[in-house]
Each structure stands twice: as structure tokens, then as C-alpha cells.
Amino acid sequence: MKRYALRAVSLAGALGLWQVVTSLNVDLWLRFSQFPTVTDVARTFAVRVSGPDYWTDLTDSLVRILTGFLLAAVLGVATGVLVARSRLAEDLLGPVLEVIRPIPAIALVPVAILLFPSNEQGIVFITCTAAFFPVLVSTRHAVRALTPVWEEAVRTMGGGRWRILGSVVLPGALPGVFGGLSVGIGVSWICVISAEMISGQYGVGYRTWQDYTVVDYPGVFVGMVTIGVLGWLTSTAVELLGRRLTRWLPRTAYAPGARPPRPDRSVKPAPAAPAVPDGARSEEARDEHLV
């Protein structure tokens, strides 16, 4: 409870500082006088929530992000395992993937417009591409870092390729896979919002851009806060799922709120062994040598 209270105090302090600098029109190099106050944003948020457009935008963005992210998760894990386990796949797919990987996903908007017949499919494509490469890279590194002894043990007991894949490769790579999924869901939100701003119809990004064009800054901040909360909820869901699927891992690196156990002072230390004379010690060594 103490940790949650500290988090609430931190958030309240940030909101209070925002309210103070915007209500006093502070202009110290940064122009806070142009910002809406917390009360203005809260008032606009209450109006938006009471209308149907807000929930329509929210639903559209969630459908796009979940569809693209799930496709990226399946394709990224499968491709990462294939590239890490097969030299032929690495030689054929590796160069193409490494050339495409540095290209920002938002730069593929013209490609998506040319390839797909509707904007909806193009936005899902951009979202999938954004999350695909973090999942691919993390899965590839996680599979390559597995201990070869585990695979050899399965082969010794008569296990085949599919048995190794299901019993060694996928369970052993799960921590790295979920690390890539956590990064991928955040990148997906960035790209889906940008794609909605450019070529979307409805959605949180689309509505935020429309508020900016009509100089409705409280509405812009409502969209920003909505994006932040949605991103936090989805990334937390991915992290909790990863912890549940990897419960067999030791949690010794960091446990939130955990403290090292205190030594039990009621337990007396064991008495020290009596000293052995040098003559007896040499006789014992000689007897062991003879044995």
C-alpha cells in the first residue's frame, strides 16, 4: 500500500505542477501560457465521454492495434525461431529483413495506400510492421542464447525436432519473446496513431489531429491522455501475461516490494569443531593415504 500511495502522490504532484504553471501563465523559455489547464482538459474529457464519438474512436483504435499486434506476434515469433534455427532461412530471409528493418513503419504509409484497397487494411499493415521487427529480433536472440545441453538431453532421450521445439526452444525463449512483445506494443501505438492522423477515418489519432486543426487544444490533450492510458493498459497486460506464462523462472533479480529476509536471532550458531592436534592430523592423513 505504501508503494501505491507513493505512485498516487507522484501523479498528483505532476498534475498539480501542470495546473500551477498553466494557470499562472508561466513563460520561462517554455511557454506554458499556451497550454490548457488541468481543469480545462478534465472539462473537455467529461464532455467527450458523454458523447458517442469518443467511444467509437476508442473502439476503432483498439481493433486496429490488437489486430496488427496479434499478427505481428505470430509472424515475428515464427520468423525469429525459423531464422535462428535454420541456416538456409537465415541466408534467404536475413538480408531482406535487415534491409527493411531500419525503415520507420510510418514511412510505409504511401506503400500501404498503394497496396491495400482500404485505409483500414493499410493502418493494420503499418501497425503489424511496427511490432513485427522488435518481436523478431528479440525472439531470434533468445533462441540463439539457449543452452545446447538442453537440446542434447532431449535428443538423448529420443526426442525429435518437434519435441525439441515444444519442450526446449519455445519455453526457453519465452522471456525474450515477451520482452520483444512489450516493446512492440508500445511501438504499435505510436505508429497506429500516426497512421490515423495521416490516412485514418475515426480513431483516437484521427480525432486528436482534427482537434489540432481547429485549434482545440484541450481536445488535443484529451487524445494524448487517452493514448497514454491505453498504451499503459495494453503493455501492462502483455507484461502480466508474460509473468504468468514464465512462472517457472526464478524471480531473484528484482521483486517489487520484496525485502531480504532478516536473520533469525533465536537460532544459535552451530558450535565450532574442536581443534585437532597436528600429530593426530598427520596420522589421519597417513591413514587416508594408505586406504
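# Notebook: core, surface patch and salt bridges

**Core.** I began with the largest nonpolar core, which has 45 residues. Ile 126, Leu 181 and Trp 189 have the most contacts inside this core. Helix H3 (52-85), helix H5 (109-115), helix H6 (119-144), helix H8 (161-199) and helix H10 (217-245) each supply at least two of its residues. The largest share comes from H8, with 13 residues. I note that this is a predicted model.

**Trp 189.** I picked this residue from the core and listed its neighbours. Leaving out residues up to four places away in sequence, Trp 189 touches Ser 61, Leu 62, Ile 65, Leu 230, Gly 231 and Thr 234.

**Whole chain.** I stepped back to the overall layout. The protein has 11 helices and 2 strands. From the N terminus on, the order of elements is α-β-β-α-α-α-α-α-α-α-α-α-α. I checked burial next: 31% of the 291 residues count as buried. For contacts between residues at least 6 apart in sequence, I found that 71% join residues at least 24 apart.

**Surface patch.** I searched the outside for nonpolar side chains. Leu 82, Leu 88, Leu 92 and Leu 93 form a nonpolar patch on the surface. Together they have about 390 Å² of accessible area. Helix H4 (residues 87-100) gives the most to the patch, with 3 residues. I looked at Leu 88 in particular, which is found in helix H4. Its relative accessible area is 57%, so Leu 88 counts as exposed; the cut-off for exposed is over 50%.

**Salt bridges.** I counted 10 salt bridges. I went through three of them.

*Arg 48 and Asp 211.* Their side chains meet in a salt bridge at 3.0 Å, N to O. The pair links distant parts of the chain, 163 residues apart. Arg 48 is in helix H2 (residues 38-49) and Asp 211 is in helix H9 (residues 204-213). How accessible is Asp 211, buried or exposed? Asp 211 is buried, with a relative accessible area of 7%.

*Arg 207 and Asp 57.* The closest N and O atoms of this salt bridge are 2.8 Å apart. Here too the pair links distant parts of the chain: Arg 207 in helix H9 and Asp 57 in helix H3, 150 residues apart. Arg 207 is partly exposed at 24% relative accessible area. Asp 57 has a relative accessible area of 3%, so it counts as buried; the cut-off for buried is under 20%. I also listed what surrounds Asp 57. Besides Arg 207, Asp 57 touches Tyr 202, Gly 203 and Val 204, not counting residues up to four places away in sequence.

*Arg 144 and Glu 90.* This salt bridge has its closest N and O atoms 3.0 Å apart. Arg 144 lies in helix H6 and Glu 90 in helix H4, so the pair ties together parts that are 54 residues apart in sequence. Arg 144 is partly exposed, with 43% relative accessible area. Glu 90 is partly exposed, with 33%.

**Network.** Last, I looked for salt bridges with shared partners. Such bridges join Arg 48, Asp 211 and Asp 216 into one network.

Note on methods: Residues numbered from 1 in each chain as written. Predicted model: local features only at pLDDT ≥ 70, side-chain atom pairs only at ≥ 80, totals over all residues. Heavy atoms only, no water. Core = buried A, V, L, I, M, F, W, Y, C linked by side-chain atoms within 4.5 Å. Buried < 20%, exposed > 50% of the residue type's maximum accessible area, 1.4 Å probe, protein only. Helix = DSSP H or I, 4+ residues; strand = E, 2+ residues; numbered from the N terminus. Contact = heavy atoms within 4.5 Å. Patch = residues over 30% accessible without salt bridge, like charges linked within 9 Å, V, L, I, M, F, W, Y side chains within 5 Å. Areas by Shrake-Rupley, 256 points an atom, 1.4 Å probe, with all protein chains shown as cover. Salt bridge = Lys/Arg side-chain N within 4 Å of Asp/Glu carboxyl O.
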